[in-house]
Amino acid sequence: MRKLIAFDDDTHDKLKQLARDRMATFQELADEAFADLLKKHGIPIDLKDALRKSAAASNAAMPKRTRSKNRKAAS
C-alpha cells in the first residue's frame, strides 16, 4: 500500500544521505523506523511477535507450581 508522507527539504536530504551511507533504500529506512516505533509502544510488528507476546502474557498469568525442598519421605 502506498501512502504519501511529507518531509521538509533538509530532513529529506539527510534521509537520502543516510540511505546512501548504509547502502539501503529509503523504503528500508522507513520500514526500520516504523518497526522501532511500534516496538517502542508495545505493538506487535508481525504474527510471530504477536504470538510471542501472547505466550509470555499467558505464562505470566499462570501460577507456578513449586515443590518443597524439605519434603520428608513417608516412612
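**Charges, helices and a greasy patch**

Author: Asp10 is partly exposed, with a relative accessible area of 45% (buried means under 20% relative accessible area, exposed over 50%, partly exposed in between, with a 1.4 Å probe and protein chains only). This is a predicted model, where local features need pLDDT of at least 70, side-chain atom pairs count only at pLDDT 80 or more, and totals for chains, interfaces and linings use all residues. Residues are numbered from 1 along each chain as its sequence is written, and side-chain values use heavy atoms, with hydrogens and water left out.

Reader: OK, what does the side chain of Asp10 meet in a salt bridge?

Author: Lys14, at 3.3 Å from N to O. A salt bridge here is a side-chain nitrogen of Lys or Arg within 4 Å of a carboxyl oxygen of Asp or Glu. Lys14 and Asp10 are four residues apart in helix H1, so about one helical turn separates them. Helices (H or I, at least four residues) and strands (E, at least two) are DSSP runs, numbered from the N terminus.

Reader: And Lys14, buried or exposed?

Author: Exposed, at 54% relative accessibility.

Reader: How many salt bridges does that rule give?

Author: Three. One of them joins Arg22 and Glu32, 2.9 Å from N to O. That pair links distant parts of the chain, ten residues apart: Arg22 is in the loop between H1 and helix H2 (26–40), and Glu32 is in H2. Both ends are partly exposed, with Arg22 at 46% and Glu32 at 36%.

Reader: Where's the Arg52 one?

Author: In helix H3 (residues 47–61), where Arg52 and Asp49 are three residues apart and therefore about one helical turn from each other. Their side chains meet at 3.7 Å, N to O. Asp49 is partly exposed, at 21% relative accessible area.

Reader: Switching to geometry: what span should H1 have?

Author: Its 13 residues should span 18 Å at 1.5 Å a residue, and the end C-alpha atoms are 18 Å apart, which agrees. The expected span is 1.5 Å times one less than the number of residues.

Reader: Which residue caps the N-terminal end of H1?

Author: Asp8 does, with a side-chain oxygen 3.2 Å from the backbone nitrogen of Asp10.

Reader: What about phi just after H1?

Author: Met23 takes a positive phi of about 55° there, although Met23 is not a glycine. Met23 sits in the loop between H1 and H2 and counts as exposed, at 79% relative accessibility. Just after H2, Gly42 has a positive phi of about 75°.

Reader: Now the greasy bit. Which residues make the nonpolar surface patch?

Author: Ile5, Phe7, Phe26, Phe34 and Leu37, covering about 460 Å². Patches are made of residues with over 30% relative accessible area and no salt bridge, joining like charges within 9 Å and nonpolar side chains (Val, Leu, Ile, Met, Phe, Trp, Tyr) within 5 Å. The areas come from the Shrake-Rupley method with a 1.4 Å probe, and for residues only the protein chains shown count as cover.

Reader: Where does Ile5 lie?

Author: In the segment before helix H1 (9–21). Ile5 is partly exposed, with a relative accessible area of 48%.

Reader: Last one: where is confidence lowest?

Author: In H3, at a mean of 80, whereas H1 is highest at 97. The chain's mean pLDDT (the predictor's confidence in each residue, from 0 to 100) is 85, and 81% of its residues reach 70 or more.

Technical notes:
Polar contact = N/O pair within 3.5 Å; in protein donor to acceptor, adjacent residues only side chain to side chain.
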